[in-house]
Amino acid sequence: MTEKQATFLSELQSISSLRQISSLLGWDQQVNLPPGNSPSKQRASQRAVLATLIHREFTSVEFQDKLRELEQMEIDSNEDWGVILREVRRKLDRAIKIPSEFVARKAAHQSRAYHAWRKARQNDDFASYAPILEVTLQLAREEAAFAGYADNPYDYHLDLHDPGMETLSVAKLFDALQVELVPLSQRILGLAGTCKLPALKNFPVTQQEVFLREVVESLGFDFSRGRMDVAIHPFCSGNGNDTRLTTRYDADNPLDSLFSSIHEAGHGLYEQGLPAKWIGTPLGEAAGMAVHESQSRIWENQVGRSRQFWNLWEPRFRELFPEALSDISSEDLFKTINLVTPNPIRVDADEVTYNLHVILRFELEQALFSGELEVSELPDAWSEKAERLLNLQPKNDAEGVLQDVHWSSGSFGYFPSYCIGNLLAAQLWETAKEDIPELESLIEAGENERFLAWLDEKIHRHGSRMNLLELTEHATGKPLGHAPLLRYLEERYLVLYEQN
Ligand code: ZN
């Protein structure tokens with residue numbers, strides 16, 4: 001490494017340290033802040049100071065000069081340093097183009113919009129929120145224009161979450177998926193509707209903690225380099241040697257804690273697998289939202305809901321909860337774990353219908369950005385799409401267009417990542433089974449090291465060297481497609497329910 005590279009690297013890493021500090025404050029806010037102090041103005045101002053500092057350092061003339069000097073050297077764009085410079089340039093260009101006046105204006109509006117959304121959802125009153133959402137949308141368009149996407153603002157928001165993705169490519173994937181998934185989900189729902197399943201009640205939380213820790217550890221999550229705490233909304237933060245998971249407990253909903261913990265552990269395994277040497281640079285960062293989501297979903301669904309996984313874990317589950325499970329047969333337990341049922345709420349949806357919830361939001365966002373749809377028309381458009389895609393009608397707007405927090409914070413283009421993550425998870429799973437023919441027996445034996453090593457080789461160790469589409473090709477030898485997800489859902493759910 002030349003002296004110039006070393007200086008640049010040390011600056012880049014100190015900016016990254018500031019980001020890590022901010023993220024740690026965010027973790028602390030969710031895990032440790034006394035309830036009387038929430039929402040905390042003190043914490044908000046601490047994080048605002050850091051955000052300003054980060055922006056100032058990152059966009060400073062000195063930093064830009066150093067970057068430019070390195071860019072003038074001859075470096076292969078595929079080499080480590082080529083990737084670092086390319087990614088820093090991409091982010092810096094964006095940070096420079098968006099004026100600080102706009103950033104402040106957007107932040108002020110966001111906090112208003114969040115409160116307005118909460119109130120509207122509580123009172124089931126979309127009309128009071130609509131004018132505010134219009135401003136949010138306007139700001140999102142403005143931001144895209146600053147970044148050079150005036151003609152295709154939605155592309156900007158997709159690219160923010162998953163570099164390289166565009167409206168057209170997402171639409172192509174989702175259109176192909178829904179043509180087959182709508183009838184498939186209706187078929188599975190029809191079969192599942194005839195099952196009568198028991199409710200899982202009275203699972204002592206202390207025992208749940210024991211179970212979750214054993215499961216998460218067995219997946220390969222390294223507790224000597226990470227931890228798990230309780231928060232209202234489960235999430236994963238930190239990275240490398242300090243990766244933090246959170247979960248929540250409910251004695252009458254043990255599967256919620258279990259699967260959200262496995263999900264977050266999947267995110268955590270990705271963070272723990274990023275190359276330690278490059279933490280603080282783009283090579284030590286994940287390749288985007290959808291890739292991250294593929295890592296959480298593959299452990300949660302492909303592994304965690306599989307027959308093999310439950311053959312392994314059911315005895316221990318029964319040992320810890322003998323009373324709660326005494327009247328529940330193995331088959332009923334497995335079907336409850338893989339329950340498919342109509343649900344108007346995305347976050348409560350099963351993995352079959354979940355993707356249709358995402359497609360619904362993608363189509364609405366696309367129409368909002370293209371100007372085809374007015375904000376005031378959202379509730380009707382929502383109902384029409386819910387009917388067509390999910391064969392259900394929300395009872396009210398709180399159950400429909402007001403259910404998600406994302407739009408209130410201006411997060412457009414975020415939802416698609418969830419479904420793309422599922423597509424990638426299924427595609428990776430198919431390839432992993434070809435590469436490791438005994439994969440399912442290994443899972444049944446609790447030997448997850450080889451699968452984790454496979455994910456590490458295909459995904460984790462590359463950081464953001466490749467974007468979503470490149471990484472998919474690299475890992476699976478094929479372009480990202482919709483067919484593996486359909487094959488996986490058919491195999492798992494038709495087999496499960498047609499046995500009735
Ligand atoms: Zn996730």
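Predicted model: local features only at pLDDT ≥ 70, side-chain atom pairs only at ≥ 80, totals over all residues.

Biologist: Okay, which residues in α4 are buried?

Modeller: Trp81, Gly82, Val83, Ile84, Leu85, Glu87, Val88, Leu92, Arg94 and Ala95.

Biologist: And what do the buried residues of α4 pack against?

Modeller: They pack against α1 (3–31), α2 (41–58), α3 (61–71) and α7 (153–161).

Biologist: Let's jump to α7 then. How many of its residues are buried?

Modeller: Eight of the nine, so α7 is largely enclosed by the rest of the structure. The buried ones are Pro153, Tyr154, Asp155, Tyr156, His157, Leu158, Asp159 and His161.

Biologist: Which helices do those buried α7 residues pack against?

Modeller: The list is α4, α6, α8, α11 (289–303), α14 and α16.

Biologist: α8 and α14 are both on that list. At what angle do α8 and α14 pack?

Modeller: About 140 degrees, with the axes 10 Å apart; α8 covers residues 167–192 and α14 covers 354–370. The two helices are therefore oblique to each other.

Biologist: Is the crossing of α8 and α14 left-handed or right-handed?

Modeller: Left-handed. On the α8 side, the contact uses Thr167, Val170, Ala171, Phe174, Leu177, Gln178, Leu181, Val182 and Ser185. On the α14 side you have Asn355, Leu356, Val358, Ile359, Phe362, Glu363 and Gln366.

Biologist: What classes do the residues of the α8 and α14 contact divide into?

Modeller: There are 10 nonpolar, five polar and one charged.

Biologist: Now α16. Where does Cys419 sit, and is it buried or exposed?

Modeller: Cys419 is in helix α16. Its relative accessibility is 0%, so Cys419 counts as buried.

Biologist: What does Cys419 touch?

Modeller: Leaving out residues up to four places away in sequence, Cys419 touches Phe174, Leu177, Asn355 and Val358.

Biologist: How far is Cys419 from Thr2?

Modeller: In space they are 43 Å apart, C-alpha to C-alpha, and in sequence 417 residues apart.

Biologist: And how does α16 pack with α20?

Modeller: Helix α16 (residues 415–435) and helix α20 (residues 483–498) pack at about 75 degrees, with 8 Å between their axes. That makes α16 roughly perpendicular to α20.

Biologist: Which residues make the contact between α16 and α20?

Modeller: From α16 it's Asn422, Leu423, Ala426, Gln427, Trp429, Glu430 and Lys433, and from α20 it's Pro484, Leu485, Arg487, Tyr488 and Glu491. By class, that contact has six nonpolar, two polar and four charged residues.

Biologist: What about Asn202?

Modeller: Asn202 isn't a glycine either, and its phi is positive at about 60 degrees. Asn202 is in the loop between α8 and α9 (205–219).

Biologist: Is Asn202 buried or exposed?

Modeller: Exposed, because its relative accessibility is 59% and the cut-off for exposed is over 50%.

How values were computed. Residues numbered from 1 in each chain as written. Heavy atoms only, no water. Axes fitted to C-alpha atoms, helices over the stretch in contact; angles between N-to-C directions. Helix = DSSP H or I, 4+ residues; strand = E, 2+ residues; numbered from the N terminus. Parallel < 35°, antiparallel > 145°, perpendicular 65-115°, else oblique. Left-handed = near helix turned anticlockwise from the far one by under 90°. Contact = heavy atoms within 4.5 Å. Nonpolar A, V, L, I, M, F, W, Y, C, P; charged D, E, K, R; others polar. Buried < 20%, exposed > 50% of the residue type's maximum accessible area, 1.4 Å probe, protein only.
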